[in-house]
Amino acid sequence: MNQLFRRVLAGILLAGPATAAMAADLTGDWVFQAAPSFPRFSKMVIRQDAGGLHGTITSEWYGDLPMLDLKVVGEGPAGKRLVFHIDNGNPKLKPLDLTLAPNGQGVTLTGQVWYEKQEASAHRATAAEMAALDFPTYPLPAPAHVPGNGLARTPPMGWSSWNKFAEAIDDKTVRDIADALVRSGLRDAGYVYVNIDDGWQGERGPDGVLHPNAKFPDMKALADYVHARGLKLGIYSSPGPKSCAGYAGSYGHVEQDARTWAEWGVDYLKYDLCSGEGFYHTAETVQAVYQQMGAALAAAGAATGRPVVYSLCEYGRFDVGAWGRDVGGNLWRTTGDIEDSYASMAAIGFDKNGVPHHTGPGGWNDPDMLEVGNGGMTTEEYRTHISLWALMAAPLLMGNDARSMTKDTLALLGNAEVIAIDQDPLGRQGLPVRKRDGMEVWTRPLADGSVAVGLFNRTDKPVVMTADWPALGLGDHPSVRDLWAHRSVAPRAVHTVPAHGVVLLRATR
Ligand code: GLA
């Protein structure tokens, strides 16, 4: 026997029986009372057998989760506890220890899961109590191609509730936003989707049908109102049991929910992975679960004659652009959430815009919704935001309170010449051609042979920039238009680009 092996064996002999005895009064079947709403632990099974100590903890967000690295720590009846951690498939969830300690009647769980502090007690449960909390699992479809729906030949444009209103959204606000889009001229500029993001969901009826919450008394009437104004209605769900804000997701109800939305007259779905990340950890399962909803939307849309734009939101995981179209997707998020700050916008806009060749008519890389008008950036920074999104052929989903826009905000969102770049029918994503000393030159080829050129200044002082037309393939004397100044400029013009700002040009040879 070599020395290392002997030492390991001695360790097992010493630790084994002691651990077994210590764990005895913590093993068994447990049910939690009033656990914190995230991730709402409901029950737990802990066993000690020949294979060692192991357990499963069930969460209303993530279903059955193995209790990872489950072990006894501490000494004596008073100090003895079990520690473990869980993995919900999200890299942001640090493997922080959760602790179980005897409390006289049962056990108390303490610790932290992501943003929520945990403190919940559990009592020993009967088989019937445990069975009542069983978490269902559902089969996923075999890989299949969902045919395209013919929509989104150019990047979708509209408005979404999340960035400004988050959960504080209701029927009246959505109607008022629809009116504001008409009144401001932004509908006619192309912003036609009015998308309700997270926070509309209520409870399911006994038949499984999902109803809106009290803030949305009649979704069909709301859809009619929006449609009567020449606009389209979007809605939001998750493949998991819970949406990101903790509302009901479509888990186990995929086809039924797609039919419900079709009956209401919904035109657009954002399908956000959220708690689904606890179930679908691999490229295959994430793709399958998005395919399942893609097929359900296609079937429901075929029945009502109202095809649905399908927006995939799984934060760019598993190279989503490579398969987004195959599952029926019209756009797919390439990043985590944008925030209303220059740092967040610039990190996404300059560096996380997806694989360019995945984008094109029918399917688009989506670097997240606009923050223009929300107050966290300067006008020049917002100009950079919308110019970058237009050069990238990104969906343009306003994220502000469209009922009260400043002149600057309206001018930024409603610039027809900039929108024309975003909506160019060629559908090619623009790319940086030069990055140096905080200055970036981006170009995007357009259907009529002209080229959009962005001169970006990422530094916090104004800089002078020029376009090198021959190097851009536009000869010595292209005709050049400044799309923010709304005027022609000399090809050799020297541009002063403000701090964090941009000069956006369109040049024709
Ligand atoms: C996620 C999405 C956001 C938004 C929220 C809603 O974070 O990425 O865009 O939809 O959920 O809860």
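**Reading the cavities and the ligand site**

The structure holds 3 cavities of 30 Å³ or more.

Tutor: This is a predicted model, in which local features need pLDDT of at least 70, side-chain atom pairs count only at pLDDT 80 or more, and totals for chains, interfaces and linings use all residues. Residues are numbered from 1 along each chain as its sequence is written, and side-chain values use heavy atoms, without hydrogens and water.

Student: What is a cavity, and how much space lies in the largest cavity?

Tutor: On a 1 Å grid over the protein atoms alone, a cavity is a set of points where a 1.4 Å probe fits but cannot get out. The largest cavity holds about 100 Å³ of space. Of the 16 residues that line this cavity, Asp197, Tyr268, Lys270, Ser311 and Met369 are the closest to its centre.

Student: Where does the ligand sit?

Tutor: A pocket is an open set of grid points with protein on both sides within 12 Å along at least five of seven lines. A molecule sits in one if more than half of its atoms lie within 2 Å of its grid points. Here the ligand sits in the largest pocket.

Student: Which residues come nearest to the ligand?

Tutor: A residue counts as near if one of its heavy atoms lies within 4 Å. Of the 13 residues around the ligand, Asp197, Asp198, Lys270, Asp272 and Asp337 come nearest.

Student: How far from an oxygen atom of the ligand is an N or O atom in the side chain of lysine 270?

Tutor: The distance is 2.8 Å for lysine 270. For a polar side-chain atom of aspartate 197, the distance to a ligand oxygen is 2.6 Å.

Key
Polar contact = N/O pair within 3.5 Å; in protein donor to acceptor, adjacent residues only side chain to side chain. 1 Å grid on protein atoms, 1.4 Å probe; cavity = no way out; pocket = protein on both sides within 12 Å on 5 of 7 lines; lining within 4 Å. Points joined across faces, edges and corners; volume = space filled by probe spheres on them.
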